[in-house]
Amino acid sequence: MPDLIEADRAPTARHRPRAATALAALPATAPVSEVWAALGAAGVLTGLYDHDGPRPGTTATLDPARLADLIGAVDARGDNGVTLSVLVQAAGALPVLAACAPATGPVRQALDETLSGAATVALAATDSAAPGSDLAGLGTEVDIGPDGLLLTGGKRWITTACAADRLLVLARHRPGRHFTSFTWVLVPATAPGVRVRPADSDLLGGSATGHVELDGVRLPPDHIVGRPGRGMAVFARHMGTERLAGALWAVALTSRVLADTRQRLTRRHCDGRTLWHHDAVRQRYAACLVQVRQLRALCESLGERVTRRQDLAAAALLKSAAGLVADPVLAACAQLQGADGFARDGAQTIRSEAGVLGVGGGVTEVVLAAVADHADTLLTELRS
């Protein structure tokens, strides 16, 4: 059984040493900006893509295996906040920038600097005016005039906001809930009218999560990302990559905690034998291991469909599966660790931080509704 755990955590020969080596010299307490810079300088971020990175006139897609290796390497450092920030930048912001960047201009510069690690970017979609699952109800507005852009509104619970050089803001450019009413805007974090304050939370501190106020922010016209009215369509097309990344993180995180839990169980004794050798403990632990292996298999079978075919049904399956697996597995580990689970940064804290897997990028219950919408297709696949 320990071999099964290590197999889930083991690197692939082609890619993982690159990410692990890039991070090896960093202290465990390194902030996300330093982690991101190290990954970019080593070429790990550009290496996520085929065609040697996004280039004008080409369609570059993220490689699921390389994405898994990156997330596994960052997760192994044990700072869940930093992992969340890297995940959202790599699998959320970068695909949007890559899909929309022209050959020159500030959007292309932002993409190049972010890929090289010279800059960080925060994906600012969740709005102050509407729940995160209701993007069509967002209140942040951009007025697109002949002389430039005027941006007003607010964003809440934005990962990396407090450490970002730029914000990738989803804004409404005309009234109504139609998907053509929204546009991405690239906002320098230092632009007049931009204010960022840290989120009031003791969890995921390394993620630099914050709330953003946009008070009459004026920008040149070339800070529009992509074509006006295509914001929601671009986001929907690439949202699956972030959901895949979340499922990959769920595998890495639960595997790490399962390995730690097993080590603790083999060191503690009860009734003259280790806790590991009590049947009830072994059965509960084994059930968790089965769930994680199933989630990993799902990631491996659906990864290419998400990144190359933008299969939203596959992405919904992965997102909901991650939410359904992570919490019960981590809850079981926390209980099996007993009082040790309440130590600082222990299993109980990890379980709380991992709650983001069932909330960020779509609440599990909402995503399950999307799975139900694709029930006929999914059932046909099961029978084929």
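Predicted model: local features only at pLDDT ≥ 70, side-chain atom pairs only at ≥ 80, totals over all residues.

Colleague: How many helices and strands does the protein have?
Modeller: Both kinds of element are present. The protein has twelve helices and ten strands.

Colleague: What is the radius of gyration, and how does it compare with the globule rule?
Modeller: For 384 residues the globule rule gives 21 Å. The protein comes close to that, so it is as compact as a globular protein of that length. Its radius of gyration is 21 Å.

Colleague: What share of the residues is buried?
Modeller: Buried here means under 20% relative accessible area. Of the 384 residues in the protein, the buried ones make up 52%.

Colleague: What share of the contacts joins residues at least 24 apart?
Modeller: Take the contacts between residues at least 6 apart in sequence. The share of these that join residues at least 24 apart is 72%.

Colleague: How many aromatic pairs are there?
Modeller: Ring centres must lie within 6.5 Å to pair. By this rule the count is two.

Colleague: Which arrangement do W184 and F235 take: stacked, tilted or edge-to-face?
Modeller: Their centres are 5.6 Å apart and their planes are at 75 degrees. Planes over 60 degrees apart count as edge-to-face. The pair of W184 and F235 is therefore edge-to-face.

Colleague: Why does that pair tie together parts that are apart in sequence, and by how many residues?
Modeller: W184 lies in strand β5, residues 182-188. F235 lies in helix α7, residues 231-267. The pair therefore ties together parts whose separation in sequence is 51 residues.

Colleague: Are W184 and F235 buried or exposed?
Modeller: W184 has 0% relative accessibility. F235 has a relative accessible area of 11%. W184 counts as buried, and F235 is also buried.

Colleague: What is the arrangement of W276 and Y285?
Modeller: Their ring centres are 5.1 Å apart. The planes stand at 85 degrees, so the pair is edge-to-face.

Colleague: Which charged residue sits over the ring of W276?
Modeller: W276 is buried, with a relative accessible area of 5%. A charged end sits over its ring, 4.5 Å from the centre. That charged end belongs to R262.

Colleague: Which residues is V187 in contact with, leaving aside its neighbours within four places in sequence?
Modeller: V187 is found in strand β5. At 0% relative accessibility, V187 counts as buried. Its contacts are L151, R166, L167, V169, V194, L214, V217 and L219.

Colleague: Which elements do the buried residues of α6 pack against?
Modeller: Helix α6 covers residues 106-116, and its buried residues include V107, A110, L111 and T114. Together the buried residues of α6 pack against α3, α5, β1, β4, β5 and β8.

Colleague: Is A208 buried or exposed?
Modeller: A208 has a positive phi of about 55 degrees although it is not a glycine. Its place is in the loop between β6 and β7. With a relative accessible area of 14%, A208 is buried.

Colleague: And D345: buried or exposed?
Modeller: D345 is found in the loop between α9 and α10. Its phi is near 60 degrees, a positive value in a residue other than glycine. At 59% relative accessibility, D345 counts as exposed.

Methods
Residues numbered from 1 in each chain as written. Heavy atoms only, no water. Phe/Tyr/Trp six-rings, centres within 6.5 Å; stacked < 30°, edge-to-face > 60°. Helix = DSSP H or I, 4+ residues; strand = E, 2+ residues; numbered from the N terminus. Buried < 20%, exposed > 50% of the residue type's maximum accessible area, 1.4 Å probe, protein only. Lys NZ or Arg CZ within 6 Å of the ring centre and 35° of its normal. Rg over C-alpha atoms; globule rule 2.2 N^0.38 Å. Contact = heavy atoms within 4.5 Å.
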